[in-house]
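Student: I would like to examine the sheet of this structure and the setting of one of its residues. May we proceed by questions?

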Amino acid sequence: MSGSAFNAFKSRVPVEWSPRLYITLVRGLPGTRRLHRRTLEAMRLRRCHRTVEHRTTPSLLGMLTQVKRLVVVETEEMYNARRQAEEERRAPRPPLVVSHHPPAPPPKPAAAAAVGASAQ
């Protein structure tokens with residue numbers, strides 16, 4: 001998982017302490033221990049790829065160490081930068097204009113045409 005896009009994104013954003021943490025469930029619940037499932041339920045994480053916001057407290061950090069292989073934790077700056085990058089990627093782009101007719105040749109100036117005719 002070292003080559004994932006999310007890890008590449010995390011390496012671009014500076015990591016600082018944040019009063020709020022954004023936690024995303026990235027692994028499925030089937031096959032996990034009951035203790036881990038109940039911990040995730042206590043953090044309001046019930047479905048994959050859902051993100052919840054929590055205040056940074058010692059009890060939350062303890063829960064995160066318990067389920068660290070199932071979740072991704074982001075600081076506020078990382079979350080805002082990721083959301084902004086997603087919005088820019090999803091922004092509507094101008095339509096492509098395709099013309100199937102070849103462009104017309106540029107008109108020759110009248111003075112250059114007269115000089116070329118007298119030379120022959």
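Predicted model: local features only at pLDDT ≥ 70, side-chain atom pairs only at ≥ 80, totals over all residues.

Tutor: Residues are numbered from 1 along each chain as its sequence is written, and side-chain values use heavy atoms, with hydrogens and water left out.

Student: In which strand does T24 lie?

Tutor: Helices (H or I, at least four residues) and strands (E, at least two) are DSSP runs, numbered from the N terminus. On that basis, the run of residues 20-25 holds T24 and is strand β1.

Student: Is T24 buried or exposed?

Tutor: Buried means under 20% relative accessible area, exposed over 50%, and partly exposed in between, with a 1.4 Å probe and protein chains only. Because its relative accessibility is 10%, T24 counts as buried.

Student: Which side chain forms a polar contact of 2.8 Å with that of T24?

Tutor: A polar contact is a pair of N or O atoms within 3.5 Å; within protein, one must be able to donate a hydrogen and the other to accept it, and residues adjacent in sequence count only if both atoms are side-chain atoms. The bridge partner of T24 in β2 is T51. The side chain joined to that of T24 at 2.8 Å likewise belongs to T51.

Student: What is the order of the strands in the open sheet?

Tutor: Two strands pair if DSSP finds at least two bridges between them. β1 pairs with β2 (residues 51-55) in the antiparallel sense over 5 bridges, and with β3 (residues 71-75) in the antiparallel sense over 5 bridges. L21 illustrates both pairings, standing opposite H54 in β2 and having T75 as bridge partner in β3. The 3 strands therefore form an open, antiparallel sheet in the order β2-β1-β3.

Student: Why is one side of β2 and of β3 left without a neighbour in the sheet?

Tutor: Each has a single partner strand, so one side of each lacks a neighbour in the sheet. The reason is the position of β2 and β3 at the edges.

Student: At what angle to β1 does helix α3 run?

Tutor: Axes are lines fitted to C-alpha atoms, for helices over the stretch in contact (heavy atoms within 4.5 Å), and angles run from 0 to 180 degrees between N-to-C directions. Helix α3 (residues 58-66) lies across β1, β2 and β3, and its angle to β1 is about 25°.
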